[in-house]
Amino acid sequence: MAARGFPYTDLKDFLAALEAAGELRRVSVPVDPTLEISEVVTRTVRDGGPALLFERPTRGEMPVAINLFGTEKRMAMALGVETLDEIGERIGGLIKPELPVGWSGIREGLGKVMQLKSVPPRKVKTAPCQQVVYRGDDVDLNRLPGLQVWPGDGGIFHNFGLTHTKHPETGKRNLGLYRLQQHGRNTLGMHWQIHKDSTAHHAVAERLGQRLPVAIAIGCDPVVSYAATAPLPGDIDEYLFAGFLRGERVEMVDCLTVPLQVPAHAQVVLEGYLEPGERLPEGPFGDHTGFYTPVEPFPVLHVETMTMQRDPVYHSIITSKPPQEDHGLGKATERIFLPLLKLMIPDIVDYDLPAAGVFHNCAIVSIRKRYPKHAQKVMNAIWGAHLMSLTKLIVIVDEDCDVHDYNEVAFRAFGNVDYARDLLVTEGPVDHLDHASYQQFWGGKAGLDATRKLPTEGYTRGWPEEMTMSPEVVSLVDKRWKEYGI
């Protein structure tokens with residue numbers, strides 16, 4: 001069932017829906033985007049509080065919208081559903097069982113879903129995002145109330161800029177979400193991590209000795225904003241995926257000075273180029289790991305044009321150790337992509353990515369165990385599955401374990417394991433931001449088999465029966481509960 005007002009025309013439309021639902025609070029007093037907004041938002045998130053609109057930031061020329069996706073309820077509102085599982089169920093219902101297993105299967109399955117239930121973006125000639133235009137010397141990023149989130153940050157960052165690039169040879173578009181450090185009035189540091197598609201686009205442009213055009217959209221409608229974070233295969237267009245989620249075509253407009261298209265209803269758009277070979281120090285930055293990422297050299301965007309709506313709203317996000325707003329985005333990805341992960345690895349019943357694992361550190365997976373070392377087979381399959389390859393710890397449990405009940409998972413992981421036999425240790429790629437690995441980009445991983453053990457796995461003692469109360473007694477106590485006066 002679609003949320004009221006869905007699909008939203010733009011960010012302002014979504015904010016109005018949140019306010020009508022009692023999910024938005026306006027902050028009318030002046031608040032400093034340097035640290036103060038961060039502390040206010042962090043406390044609000046940890047209290048399960050509302051989305052916030054800071055109407056009078058003390059820096060910049062527009063209000064700041066933040067914590068829009070901080071709860072599963074608001075994330076569901078953003079995507080037009082009652083529960084996040086609804087989208088996964090829609091996808092699962094469209095995937096044909098005869099599709100091949102493996103990465104080709106997940107790619108083909110998602111492609112078929114897009115063809116069946118979505119429409120491509122629609123180009124328009126004029127757009128609200130180009131109502132106000134600044135060019136050349138009039139470009140000033142200080143118009144934007146960018147945030148300094150933590151005291152040790154290297155300066156002001158723009159944390160929800162949707163970055164658009166094209167492959168210089170194939171013309172394939174990519175949409176991604178990367179932090180952007182403000183170096184000056186018209187320059188930004190592009191924190192493009194090694195595993196991201198935009199990094200590949202930039203590498204090709206540098207090999208050809210070409211500038212790489214870039215367009216950054218800030219303050220898009222919530223479905224487009226989510227699509228920028230989704231771990232899609234490289235040949236699936238994010239705007240096609242957004243159209244599937246919206247049930248309606250996304251309107252796009254040509255940029256004024258670069259050969260790219262952006263969402264017509266974005267609040268702010270930055271257009272510019274990366275010069276081949278140019279790097280500047282970027283960071284430090286307090287990231288979702290809970291630690292500062294170090295200073296590293298990253299490409300530099302020279303912003304030549306800035307366009308915006310009249311009376312725009314600036315959208316950002318706070319990063320910190322969990323809990324934080326990005327958990328809502330991660331939970332949406334977990335539920336939406338479950339049927340696609342099951343297409344690739346049919347052994348999986350369900351999975352959970354704990355917030356404390358900050359996306360890549362831990363996956364809890366339940367399977368219907370059928371043969372010896374089945375759990376280890378699934379671990380290795382997950383480490384071969386696109387960005388799931390970055391997972392550092394995989395805990396495998398039986399299908400009767402609720403992967404979302406961490407107490408039950410811990411009970412299995414602590415009690416059903418002989419660590420000399422059930423712990424698989426290996427090495428492989430890790431997230432760019434992982435500070436614990438002794439080498440950047442790769443490190444140690446572990447898989448824990450917390451399933452019931454089989455005689456064919458060498459367990460000869462006879463697995464004990466788990467204690468459960470008889471259904472008759474449970475029913476009796478249910479009926480008499482009020483009588484007990486407890």
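The model is predicted.

Start with the sheet. Four strands form an open sheet in the order β1-β2-β3-β20, and their pairing is mixed. At its edges lie β1, residues 24-27, and β20, residues 314-315, each of which pairs on one side only. Helix α1, made of residues 11-20, packs on this sheet and touches β1, β2, β3 (64-66) and β20. The direction of α1 makes about 105° with that of β1. Between β1 and β2 (residues 51-54) the pairing is parallel and runs over four bridges. Within β2, F54 is the residue that stands opposite V27. A further helix, α2, covers residues 36-46 and lies across β2 and β3. Relative to β2, helix α2 runs at about 160°.

Next, look at Q181, which belongs to strand β9, residues 180-182. Is Q181 buried or exposed? Its relative accessible area is 5%, and the cut-off for buried is under 20%, so Q181 counts as buried.

G283 leads on to the backbone. Most peptide bonds are trans, and most residues other than glycine have a negative phi. The bond from G283 to P284 is cis, with omega near -5°. P284 sits in the loop between β15 (280-282) and β16 (285-286). Another cis peptide bond joins P322 and P323, with omega about -5°.

D311 is not a glycine, yet its phi is positive, near 55°. This residue lies in the loop between β19 (300-308) and β20. D311 has a relative accessibility of 67%, and the cut-off for exposed is over 50%, so D311 counts as exposed.

F441 also has a positive phi, about 85°, although it is not a glycine. The loop that holds F441 runs between β24 (423-429) and β25 (442-449). How accessible is F441, and what does it count as? Its relative accessibility is 25%, which means that F441 counts as partly exposed.

Key: Residues are numbered from 1 along each chain as its sequence is written. This is a predicted model: local features need pLDDT of at least 70, side-chain atom pairs count only at pLDDT 80 or more; totals for chains, interfaces and linings use all residues. Side-chain values use heavy atoms; hydrogens and water are left out. Two strands pair if DSSP finds at least two bridges between them. Helices (H or I, at least four residues) and strands (E, at least two) are DSSP runs, numbered from the N terminus. Contact means heavy atoms within 4.5 Å. Axes are lines fitted to C-alpha atoms, for helices over the stretch in contact, and angles run from 0 to 180 degrees between N-to-C directions. Buried means under 20% relative accessible area, exposed over 50%, partly exposed in between (1.4 Å probe, protein chains only).
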